[in-house]
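Here is a short report on helix packing and model confidence. Keep the structure open while reading.

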Amino acid sequence: MSQADTKTCGCSTAAVAPDANLRTPASTGAMVYRIENMDCPTEEALIRSKLADVPGVERLEFNLMQRLLTVHHALVSLTPVEQALSTIGMRAVPVQDASADRSTTLAIAKMDCPTEEALIRAKLATLAGVSNLDFNLVQRTLQVRHAPEALSQVLATLKALDLEGHVVEEAGTSAAPTPTRTSWWPLAISALAAIAAETIYWLNNGNHWSVMALALVAILTGGLPTYKKGWIALKNRNLNMNALMSIAVTGAMIIGHWPEAAMVMVLFALAEVIEAKSLDRARNAIRGLMDLAPERATVQQPDGNWIDVDAKGVAVGSRVRVKPGERLALDGEVLDGRSTVNQAPITGESLPVEKAPGDPVFAGTINESGSFEFRVTAAASNSTLARIIHAVEAAQGSRAPTQRFVDQFARWYTPAVFAVALAVAIVPPLVLGGAWLDWVYKALVLLVIACPCALVISTPVSIVSGLAAAARRGILIKGGVYLEEGRKLQWLALDKTGTITHGKPAQTDFVTWNDTAPAEARALAASLAARSDHPVSKAVALAAEADGVAVREVNDFAALPGRGVRGRVGGASYHLGNYRLVEELGVTSPDLERRLSTLEAEGKTVVMLVAEGGVQALFAVADTVKDSSRHAIAELHALGVKTLMLTGDNPHTAQAIAAQVGIDRAQGNLLPEDKLREIELLARSGKVGMVGDGINDAPALARADIGFAMGAAGTDTAIETADVALMDDDLRKIPAFVRLSRATASVLMQNIVLALGIKAVFLVLTFTGQATMWMAVFADMGASLLVVFNGLRLLRQ
C-alpha cells in the first residue's frame, strides 16, 4: 500500500499537478470488450501481438477470468481495432465505453496540507473507475476523473477517512461471463475415427489408405478449431499452443505417423474442453453467491396490499415482508417483528443471529424462524452481496506477484524451446549424419511440450479459487497481492475498542472533582457526549439518559481526535476527554493522577469533564473482551504472527486488556500520528497488518502492508477501502486468512514445480529417444489439468 505522507505540513500556495502515478493513466479513450472465446493466455498473447501493430492503440488490459479486454486508445474510430480482432477470430462485443468518464470537483474542508493529500491519493488510487486526481490545496478542492458509477465510492472513501467531500460541479457493471459451450458430436466422431485408425494400423502392422482417411477425419472434425487458431497465430508471428500443436500434427502426418497425429489432436481437443470447463468453475465460483438472493420479493403497495414483485425493481425505502424459511432478496433494516437469520453467505457466521427492529439484514441470508418486515436500504444491484461479488471479480482481474513472474518467464520459454526443436530437427542430421525422420520426430515431440500453458494457467486459477473461498467465508480480499502477502505477516497491530473488545462499554464510576455539583457535572458531560460517536462518549451519554439527566444545547462543538471533544454550553467552554487532553490543558494534579491510576489499574477508561476552572468530574467506563479475541490471538501466535495493541486509551487499561487476551505488546495514549509511527517502526522488521476502524486508524491502515476492516457487512466504505474486509466482528477470520494465504502459496508452488518438472522430464526423455507424441500431449495437457484441479482445491479450503 502507499505510504501516507507523515511530514510536517508545509502547504504550497500552488495547485498540485494531476496525479501521474495512478494505475490507469489518462488517455484519449478506452473501450471495454467482452471476448467469449478469449479463454487463456494463448489468446491474450495473440491479441496483444495483433493490436500492437494498430496505430493509436496505447495500452491493453486483460481480465481473462471475466473475458474482458480494455483498449486504451487515441483513435477517432475503433473500427481498426475491431477489424484486427475479427481477423484473428476473436468475437469482440463492446460492453462499456470506458472513455465516457466524468470530471467532478469536490470541496474537502479538512484537506489542509500534503498529509491529507497523500492519504486521499493512497486510497482513491485503488478504486476502480478513478483515472486521475487533481489536487488544489489552496482552494481545498479535488478534481476527480472517474467513471459515472465510481463517484459514490469516491465519496464513501473520503467519508471513511474523515475528509468528507461535497460535490461542487460535474463536467462532461459488468455482466457475468457466459459458460463455455461445447459441441460434443464433432469431438465424439473425431475420437471414434482416431481409435479406428489406431486399431487398423496395428492390425495391418503399418499404414493403409483407410488409416490415413480415418486420421484425416479425426483431425478435421476434432482439430479444425485448433488449426484455425494456429493459422491465425502464425500469420501474426505468434507461437502459441495452437500454432505449435498444428505444426506438430502436420509434421507427424508428413513423416507418416498418421494414427499418432490423429490421437494427439483428439487428446489435445478433449483436454482443451476439460480445461475450459474447469476454468469456468473457478471463474464463476463467486457468482454462485448471487444465486442465493431470490429474484422475487413480497412488497407492500401504496394501497396496503402485499404483492410478489421482481426484486430488481424494488425501490429503496420500500417495505418488504419475509416469511419463515425464506431467503432475503434485498438489504434492509428491520421495522417490525423478530426472528433469527442465518447470515453465513455474507459473514460466514455459523450460528444464526437474532434480529429485532433497527437491526440490518442482508440479501441472500435465510430467515430461519418468525416473520418480519424491513425497509429496503439498497437496490438489488447495490446490495452487500452484489458489492462483494463485484469486489472479488475486480480482484480476480488483478495480477498477483507470482503471476507477473510466471508471465515474464513464459515470454522467453516458448521461443527458446521452439528454437531448440528447430535445431534438433536440422543439426543432428546435417552435422552428425542422423536419420532425418528420427530427429524430426523428436523435434515434433519438443513442439508439443513447448507451450507453457500449464505454468501460465496455474497461478490465476489458484488465486481466483482462493479469493472465492475467502469470500464464501466472510473474508473479502481485494486482490491477489494481499492473498499472497498474507502468509508473510510477522506483526498484526490491533485497535482496542470494537476490535478486541465488544465496543459497547458501560459507565462504571462517576466522581465529582473540585466540589462540583454532581447533577450539573453529569448534565454538562452528557450534553457533550451525546454529540460524539465514540464508544466511551456513548457510554457516558447512555448512562445519563438512563438516569433521566437532561442534555443541554451545545454550540461550537468539535471532535479532537485522540483526545476527546469540546463545545460551549450556556456561553462557557467545556472539554470532555482523556488524560492527554487534560495534560495539554494544564489542569492535572498529583491527587487527580493518583485517582486516575487507581481506576485505570482496574482496566477502566477514564474521561474527564474540564471547565475553565479545571477538572469538574471523572467518568470511568469499562468494556468487555470478546471471547473470539482470545482464540484469535492464540491462533495468530501459533501461526508465528506477533501482536501489538495500539489504542488511544490510557496505558494501564491497554496493558490490562492485552494481558486478558494474550497480546504480546500494548501501546496506549496514542494519537493517529503515533499509531502511524508505530506501524512504520514495525514495517522495518517485516510485513505488518493493521486491524481497526474510524478516524484514528486511517493513517495507520493506509501505511500497513495489509489493512483489515472489521464488521464490513452493510458498510460501503469498509468494502470499498479495506485491503481485506471481514464481514463480521470475529477476529478469528484473520488467522483463517493467514492460513488460506499459506495454503494458496503452497498450491502455487506445487503447481509451478509440477508444470516445470514435467516439462524438464520430457525434455530429457525426448533427447534420449524415449518420449513419444502420445506421451508428450498427455504430459502437456495432463499437467494443465493437474494444476487447474489442484488450484480448484482451494475452493474447499
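pLDDT is the predictor's confidence in each residue, from 0 to 100. This is a predicted model. The chain has a mean pLDDT of 81. Of its residues, 86% reach 70 or more.

Two stretches call for caution. Residues 1-27 stay under 50 in pLDDT. The model gives them 63 contacts beyond four places in sequence. Residues 169-178 also have pLDDT under 50, with 24 contacts beyond four places in sequence.

| Helix pair | Axis distance | Crossing angle |
|---|---|---|
| α24 (residues 733-767) and α25 (residues 773-792) | within 9 Å | roughly 175 degrees |
| α13 (residues 453-472) and α24 | 9 Å | about 165 degrees |

How do α13 and α24 run relative to each other, parallel or antiparallel? Angles over 145 degrees count as roughly antiparallel, so α13 is roughly antiparallel to α24. The crossing of α13 past α24 is right-handed. On the α13 side, the contact includes Ala454, Leu455, Ser458 and Ile463. On the α24 side, Leu740, Thr744, Val747 and Asn751 are among the residues involved. By class, this contact has 10 nonpolar, six polar and no charged residues.

α24 and α25 are likewise roughly antiparallel to each other. From α24, the residues that meet α25 include Val747, Asn751, Lys759 and Phe762. Their partners in α25 include Met775, Asp780, Leu786 and Gly791. The contact of α24 with α25 has 11 nonpolar, four polar and two charged residues.

Key. Residues are numbered from 1 along each chain as its sequence is written. This is a predicted model: local features need pLDDT of at least 70, side-chain atom pairs count only at pLDDT 80 or more; totals for chains, interfaces and linings use all residues. Side-chain values use heavy atoms; hydrogens and water are left out. Axes are lines fitted to C-alpha atoms, for helices over the stretch in contact, and angles run from 0 to 180 degrees between N-to-C directions. Helices (H or I, at least four residues) and strands (E, at least two) are DSSP runs, numbered from the N terminus. Angles under 35 degrees count as roughly parallel, over 145 as roughly antiparallel, 65 to 115 as roughly perpendicular and the rest as oblique. Contact means heavy atoms within 4.5 Å. Ala, Val, Leu, Ile, Met, Phe, Trp, Tyr, Cys and Pro count as nonpolar, Asp, Glu, Lys and Arg as charged, and the others, Gly among them, as polar. A crossing is left-handed if the near helix is turned anticlockwise from the far one by less than a right angle, and right-handed if clockwise.
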